Amino acid sequence: MNKSDATKAGIMRAAILQFTRVGYEGTVVRDIAQEAGVNIGLIRYHFGHKADLYRDTLAYISEQYNSVCLSALRRAVPSHNPEEILYAWLAAPITDWQDATVASGEEVLCFLNKMGYEPAELTREVYESHYSYALQEWQEALLTHFPGMARADWLWCLTCLRGMYFNIVAHNNFTLWNLPAIQGKQAAIRRLAADTVALLHTYTE
């Protein structure tokens, strides 16, 4: 990694920490610069305005996020086990994350959790261009095991699943609620996958 790339990585790491701690509105570029150990002008040079830095960072981490999740999904699909398909996707950022230069897998999940509270106009474009296709592949792989499930039922289950998932992975010093970290996250995700699959079966029986 050359000096310019290392500087950009350091800025993005600082940005993730600040955006996750206090949200987009609560973050000021000066604090990111201080966290990264650079001057504000360098952030402007590499990223432009705060919104550009937010979106560029969100887009950057999507590459590894999608890669680890889709790889885990493709290993799980041949099992023909919906619980394994669900677990593989949810656990991948914790179990399979490789490059923590900008953020660890758990830090990314905390950042994505906080993203859900940000204005849609800030996140929608990056979400649709960088995340939605991978999430769609996972949903399609899972829903093949629940043919005929009504879309409204699936969306309700998906909303509940997201909330419980982030309760597991994002309850640490990065959260909005300042709750203690859940120990044994993989075991908790495994239980969540089992309970979710049991619930999904009730909609197709």
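How many of the eleven residues of α6 are buried, and what does that say about how the helix is enclosed by the rest of the structure? Keep that in mind as you start the tour.

This is a predicted model, in which local features need pLDDT of at least 70 and side-chain atom pairs count only at pLDDT 80 or more, while totals for chains, interfaces and linings use all residues. Residues are numbered from 1 along each chain as its sequence is written, and side-chain values use heavy atoms, with hydrogens and water left out.

**Stop 1: helix α6**

Select residues 105–115, which form α6; helices here are DSSP runs of H or I with at least four residues, and strands are runs of E with at least two, numbered from the N terminus. Ten of its eleven residues are buried, so α6 is largely enclosed by the rest of the structure. Buried means under 20% relative accessible area, exposed means over 50%, and partly exposed is in between, with a 1.4 Å probe and protein chains only. Among the buried residues are Gly105, Val108, Cys110, Phe111 and Met115. Now show what surrounds them: the buried residues of α6 pack against α1, α4 (50–76), α5, α7 (120–143) and α8 (151–169). Contact means heavy atoms within 4.5 Å.

**Stop 2**

Glu107 forms a salt bridge with Arg13, with the closest N and O atoms 3.2 Å apart. Arg13 sits in helix α1 (residues 3–26), so this pair ties together parts that are 94 residues apart in sequence. Arg13 itself is partly exposed, at 27%. The term salt bridge stands for a side-chain nitrogen of Lys or Arg within 4 Å of a carboxyl oxygen of Asp or Glu, and the whole structure has seven of them.

Next, select Arg21 and Glu35, whose side chains meet in a salt bridge at 3.0 Å, N to O. Arg21 belongs to α1 and Glu35 to α2 (residues 29–36), so the pair joins parts 14 residues apart in sequence. Arg21 is partly exposed at 40%, and Glu35 is partly exposed at 36%.

Then move to Glu84 and Arg190, another salt bridge, with the closest N and O atoms 2.9 Å apart. Glu84 is in α5 (residues 82–95) and Arg190 in α9 (residues 185–202), so they tie together parts that are 106 residues apart in sequence.

**Stop 3: the nonpolar core**

Select Tyr65, Trp89, Leu112 and Trp138, the residues with the most contacts inside the largest nonpolar core, which has 66 residues. The largest share of this core, 13 residues, comes from α4. A nonpolar core is a set of buried Ala, Val, Leu, Ile, Met, Phe, Trp, Tyr and Cys residues joined through side-chain atoms within 4.5 Å. Zoom in on Trp138: leaving aside residues up to four places away in sequence, Trp138 touches Leu73, Ile85, Leu86, Trp89, Leu158 and Leu161.

**Stop 4: α1 against α4**

Finally, show α1 and α4 together. They pack at an angle of about 115°, with their axes 10 Å apart; axes are lines fitted to C-alpha atoms, for helices over the stretch in contact, and angles run from 0 to 180 degrees between N-to-C directions. The two helices are therefore roughly perpendicular, a term for angles of 65 to 115 degrees. Side chains to display at this contact include Ile11, Ala15 and Phe19 of α1 and Leu53, Thr57 and Ile61 of α4.

Notes. Angles under 35 degrees count as roughly parallel, over 145 as roughly antiparallel, 65 to 115 as roughly perpendicular and the rest as oblique.
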